[in-house]
Amino acid sequence: MIRVMTVSDIPRVAEIHVFGWRCAYRGFVSDEHLFNNMQVSKRIERFTQHLNDKDNTLDSYVFDDGIIKAFLTIGPCRDEDKPSAFELCGLYVDPCFQGEGVGTKLALYCEKIAAERGFKEVILWTFEQNPVSRAFYEKLDYKLDGATMIVESVGAQGVRYSKNI
């Protein structure tokens, strides 16, 4: 079941986020960042601030079937060149539950919410060096749109995908 993230979900979501980063990005994001900067306690603080920020325009959801297996953060696009697009800002599935269709259900949920809110396009960013993530989104018909950026905090290149819905 997909539901709105609550404060009580934050420790599990933080755990998924940190473990997901360490499993997916090791090899192109430094171990220093993954194991010293990425800590569950820091993520708990960040997610708590996110949920408590009254000016926050992003919505967060969890996939919970008795175990929180994944989370999703979505909202209006933050990119200046895409003011009428919706953004899938983050989708993380606990590596222990990858391959079970959870990520697909969350991506499709994002598209459903975007359509309900009147958006015609969904964009997302992923790391260029992450072939698993790129293949996942390409399977869901997302296409590279040519935009790139360097994520300075980790020194990795991001690529943007888009999909008309």
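Biologist: In which strand is Thr73 found?

Modeller: Strands (E, at least two residues) and helices (H or I, at least four) are DSSP runs, numbered from the N terminus. Thr73 lies in strand E3. This is a predicted model: local features need pLDDT of at least 70 and side-chain atom pairs pLDDT 80 or more, while totals for chains, interfaces and linings use all residues. Residues are numbered from 1 along each chain as its sequence is written, and side-chain values use heavy atoms, without hydrogens or water.

Biologist: Is Thr73 buried or exposed?

Modeller: Buried means under 20% relative accessible area, exposed over 50%, and partly exposed in between (1.4 Å probe, protein chains only). Thr73 has 10% relative accessibility, so Thr73 counts as buried.

Biologist: With which side chain does the side chain of Thr73 make a polar contact?

Modeller: A polar contact is a pair of N or O atoms within 3.5 Å; within protein, one must be able to donate a hydrogen and the other to accept it, and residues adjacent in sequence count only if both atoms are side-chain atoms. Here the partner is the side chain of Ser60, at 3.2 Å. Contact means heavy atoms within 4.5 Å. Leaving aside neighbours within four places in sequence, Thr73 is in contact with residues including His50, Leu58, Glu87 and Cys89.

Biologist: What is the order of the strands in the open sheet?

Modeller: Two strands pair if DSSP finds at least two bridges between them. The seven strands run E1-E2-E3-E4-E5-E7-E6, with mixed pairing. E1 (2-4) and E6 (143-151) stand at the edges with a single partner strand each, so one side of each has no neighbour in the sheet. E4 (residues 86-93) and E5 (residues 121-127) run parallel, joined by three bridges. Glu87 has Ile123 in E5 as its bridge partner.

Biologist: How many aromatic pairs does the structure hold?

Modeller: A pair of aromatic rings is described by the distance of the centres and the angle of the planes. Rings of Phe, Tyr and Trp (its six-membered ring) pair if their centres lie within 6.5 Å; planes under 30 degrees apart are stacked, over 60 edge-to-face, the rest tilted. The structure holds eleven such pairs. One of them joins Phe28 and Phe127, edge-to-face, at 5.5 Å centre to centre and 70° between the planes. The two are 99 residues apart: Phe28 sits in the loop between helix H1 (10-25) and helix H2 (31-37), Phe127 in strand E5.

Biologist: Which residues form one aromatic cluster?

Modeller: Trp21, Tyr25, Phe28 and Phe127. Phe28 counts as buried at 19%, and Phe127 is buried at 7%.
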